[in-house]
Amino acid sequence: MSQPLPLPSLHASHAGTWLRDANGATRGCSKGEAVMAAADTPLLLMNAPLVASRLGYPDLSGLDLLELFAFIHPAKFCVPTPKGLAHALGLEEPTDDAGVPLLLQQAAGALVATCESDDWAEREGAWSSLQSLSRLRWPWANVLAPHVKKPEKAEKWLFTRLPEWEETPERPQPAQVLIEEPQIEAHLERLTGEGAEKREGQRLYARGAGHVFGPRDRQKRPHVLLAQAGTGIGKTLGYLAPASLWAAQSGGTVWVSTYTKNLQRQLRRESARAWPATRPDGSPPVVVRKGRENYLCLLNLEDALQGGFAGRPAILAHLVARWAAYSQDGDMIGGDLPGWLGTLFRKRGIAALTDQRGECVYAGCPHYRKCFIERSARNAAQADLVIANHALVMVNAARGRDLASRPTRIVFDEGHHVFDAADSTFSAALTGQEAIELRRWIIGPERNSRGRRRGLAARLADVASYDEAGGDAVEAAIGAAEALPSDGWLGRLAEAAPSGPLEELLGQVRAVTYARDESGQEAGYGIETETSQLPGELVEAAGTAAQALAQIRQPLLKLAGRLEAVLEDAPDWLDGQGRARIEGARHSLAWRIDLIAAWEALLSRLGGPADPEFVDWLAVDRNDAREFDVGLYRHWLDPMKPFAKVVLEPAHGVMLTSATLTDRDESGADWEHAIAKSGTPHLDLLPKTAQADSPFDYAGRAEVLIVTDIKRGDIPALAGAYARLIEASDGGVLGLFTAIRRMRAVYGRIADRLARAGLPLYAQHVDPIDTGTLTDIFRDDARASLLGTDALRDGVDVPGRSLRCVVMESVPWPRPTILHRARRAAAAEEAGGAQRYDDRIIRARLAQAFGRLIRSKDDAGHFVVLSPAFPSRLLSAFPEGTPVHRVTLDEALKRVERGIGAGEAETGAAREEAADSDI
Ligand code: SF4
């Protein structure tokens, strides 16, 4: 057992502040005293930004245990709380806040002792890294230096240590095979394991899923299945069974697409039943594939390590380099890089280490053969199963680098989100931020900026010097791109001093949006206006901006043509790597050309008749009264139309599945609407449908409480209700809000009170912690509660006691945006009209939020909505048989405190009675 490190330590929570001196006496102290102590000498603490926010002193720094953990155990999971750290290190967890300073000393002692141990698995690279961190004055460097032995042999530098990927031959087309139902059932039985209980719903579901893997009869006519699977039927293995059979027999790849990272993690786990970790040749049959902006770019990292980053961000770069050497796949967002690492460094350091802006130089990069992104793309092309997200599948279908890597057999799990994903994938936004990115991509970074980012001329220097016409096109594009906004554009807009045609247009957009704003109390948040009745000056500015964009697009088109010519008539110096680089450049050029064409189309409509297929608007994006973007937006009225064309039509088999694929009104599941929303009508296809109901006992394990005496808009009453509900259930509450403003107000009023009762409260957008980590913290502590907004409504998967009560602040009405208004108006013509359109959205949100509560058959809990007016027609959002009670807050508190199963439960008929009597 190691000794505690004899350094003073500090802990601050909402309940108070504690200091422990080096010799071992812990005492409570004031915030001011803690700040003074931290300024005097570096203190041991945990999560400095969080402690700083608790103390109200943003400049706080010290010896952060999380940074030390990231250095000693890169790529190892740790919940960033005292309890989580204790678990990760095998120490006893503190029983209360006052015990935390001692734990910090013990944890520091244990981590320092690890450096001396022969068993330290992550020793390689540590000594060299520590020398660099010492030069950067990392507070831990001096503490660690005496304990990290200098290696006898020089350590391998990260960039030599990482393995190279292998070039692989193109895969042949998948064989045409038919998977028979008995085969599927037998395989499912193998996957679920000997002796597992046979679930009829799952078997039916798996047989249905097999349908999408059959050979296609006609071109552009994929097999499509819409399958609704209630929570708990085991849908993942249900579709993996036929998918793995098909992949094995046909030699093809199945893509499973999810909306949340949680499900990706779960799929990775479950796929281990159907596939081994590696094939005999060492390649992985299952690959998680994400957008390139998720992965570490080694060239950016090298640049950051060699002076591109300074101060704290440089320390982050070294900790990331430690991680990169041990990471499974280089995924920085939701992979094995701790989600909390980036937030310790406050700035956008993590994003700057990824390839956010498509500036990759492909084979021109010295790390190309070790690049995580390239490795993942190559692995995916050879995989049996690719786990991806909806946006990436759609982008890949639309502009995958080569036809062979485009998905043709796709399972969209969390299929209820396909519409939203298509909505954002197939939209266009001509905003200042987007336009300045294009400028940087073409011209390069502006003066004074650090980093390796280079423009088109530098990236294609060799082609430009070899091919004169190509060189001229690059020059012309650079000249034309001067018309795009440059650094400081937002400031110039605010001062009515725009520079260039695009800034001129954005200035007009901003002025018109403000002139028409009537949002009143929403001041400080985003505002928008429609594109009808626009003033002449704006329409004129749009015309000039469109011409300027065309001037950029034309030379880019010419350049694309020249690159193609160079590839066709390849010069001697063009080796395989050079070819790959030019192909990469062509691909990113094509993407930019399409983007600019979409912007031109958007501008050409302004001032003319509206196109009924699209919804256009102008917007100023603001956060807390600070503007961060201005621009024009275009969305499809029905984004499933381009989805059908781009994703469905070329595919052979597509399945959309979810627990909430259909809306359920009083008359039952609405399949007609689910089919209409699937995109299939745009191909004149009638999809197959299937339904397997949840085996969970909702009637006995859950209760919906509609609290009728909290007035809408009464923040003190709302905050009081949240605090009392959290106390009544002794924590374990997930609080869902539709507005960040109200959530912050509630949090500010109740966090201290709850902390004093030993009930920690965390909140999205308040605590300086990313959402994934907040969920980990919540899951790890059965007395913790978590407040949040949309992302938590279906991103949280917390089975067991940690989540036993969900509280919604009100009925989740849709925000009356321009886009919503347009779709609502279009729906007014359909059966049920505009109200039904809104009801469907609300019921879907309620169903998703309710879905957080019961994740396994042993879960039980309350779902509380604080709403004096909750229309009965929305009650069908909850699973059939779930008891619903309209009650006062006091009655709700009694029920929550008593727990489920202790009192009488109203069932089906009683629920209707209760509902009808109140509305
Ligand atoms: S190949 Fe591209 S993404 Fe990969 S390390 Fe090099 S520049 Fe970064």
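**Close-up views of a predicted model**

View 1. Helices here are DSSP runs of H or I with at least four residues, strands are E runs with at least two, and both are numbered from the N terminus. The model is predicted, so local features need pLDDT of at least 70 and side-chain atom pairs count only at pLDDT 80 or more, while totals for chains, interfaces and linings use all residues. Residues are numbered from 1 along each chain as its sequence is written, and side-chain values use heavy atoms, with hydrogens and water left out.

**View 2. The surroundings of the ligand.** Residues with a heavy atom within 4 Å of the ligand are R292, C297, L298, L299, C360, V361, C365, Y368, C371 and I373.

**View 3. The pair D413 and K235.** These two residues form a salt bridge, with their closest N and O atoms 3.0 Å apart; the term means a side-chain nitrogen of Lys or Arg within 4 Å of a carboxyl oxygen of Asp or Glu. D413 lies in the loop between β10 (409–412) and α19 (418–425) and K235 in helix α11 (residues 235–250), so the pair ties together parts that are 178 residues apart in sequence. Both D413 and K235 are buried.

**View 4. The pair R27 and E33.** The side chains of R27 and E33 meet in a salt bridge at 2.6 Å, N to O.

Definitions and conventions:
Buried < 20%, exposed > 50% of the residue type's maximum accessible area, 1.4 Å probe, protein only.
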